Amino acid sequence: ESDKPMNRLLQGDVGSGKTIVALISMLIVIENNFQAVLMAPTEILADQHFKRISELVAPLGLKVDLLIGGQKKSERDNILNRISEGITDIVIGTHALIQGNVKFHRLGLAVIDEQHRFGVMQRSDLVEKGLQSDVLIMTATPIPRTLTMTIYGDLDISVIDQMPKNRK
């Protein structure tokens, strides 16, 4: 809710709830008439995020699209049109999201999953598709705070250090 864009690293074990935190953040920006994007390092992970998030937001009537490299040109063109026209609320994908032909109508939040699998320029290319977009970077890889501050000095850090109920 700050006036300045969020730039946050969210660290937590697999299954700790990072994706739910990201989804809640997405819903906040959508409520404020912006789009959200989630970039994952593999098509398998992007597809998993797409299926789960689509299922969770279906009752809200939100439009979620999946953009990956292996799509047919006609399907990809339709998705790109929906994104640029603002029909799509949440876009989930892989490196395909940083291509020059991907234009967002009003990007408000960029979520990057498993951030260590992307280069600095790739993360920057995605974030720059918005105008002062909030950024949420997620990782399950424990990174000591001192190293994090050295590598990502401009990031605020949040750590989920407990698992949700009924998770081991």
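This is a predicted model: local features need pLDDT of at least 70, side-chain atom pairs count only at pLDDT 80 or more; totals for chains, interfaces and linings use all residues.
A salt bridge here is a side-chain nitrogen of Lys or Arg within 4 Å of a carboxyl oxygen of Asp or Glu.

K73 and D77 are four residues apart in helix 3, so about one helical turn separates them. K73 counts as exposed, at 62% relative accessibility. D77 is partly exposed, with a relative accessible area of 30%.

How many salt bridges does a search of the whole structure find? Five. Some of these share partners, and in that way K63, D65 and R82 are joined into one network.

K63 bridges to D65, with the closest N and O atoms 3.8 Å apart. That distance counts because the cut-off is 4 Å. The side chain of D65 also meets that of R82 in a salt bridge, at 2.7 Å from N to O. This second pair links distant parts of the chain: D65 sits in strand 3 and R82 in helix 3, which covers residues 73-85, and the two are 17 residues apart.

Is D65 buried or exposed? D65 is buried, at a relative accessible area of 3%. Its two partners are partly exposed: K63 at 31% relative accessibility, and R82 at 23%.

Now the nonpolar side. The largest nonpolar core has 22 residues, and M26, I53, I90, I92 and V111 have the most contacts inside it. At least two residues each come from helix 1 (18-31), helix 2 (43-57), and strands 2 (35-39), 3 (64-67), 4 (90-93), 5 (107-113) and 6 (134-139). Helix 1 gives the largest share, five residues. In general, nonpolar side chains in soluble globular proteins tend to be buried together.

Finally, one residue that brings the two topics together. What does I90 touch, leaving out residues up to four places away in sequence? Its contacts are L23, M26, I30, A36, I53, V57, K63, V64 and D65. So that list includes K63 and D65, the pair that forms the 3.8 Å salt bridge, because contact here means heavy atoms within 4.5 Å.

Notes:
Residues are numbered from 1 along each chain as its sequence is written. Side-chain values use heavy atoms; hydrogens and water are left out. A nonpolar core is a set of buried Ala, Val, Leu, Ile, Met, Phe, Trp, Tyr and Cys residues joined through side-chain atoms within 4.5 Å. Buried means under 20% relative accessible area, exposed over 50%, partly exposed in between (1.4 Å probe, protein chains only).
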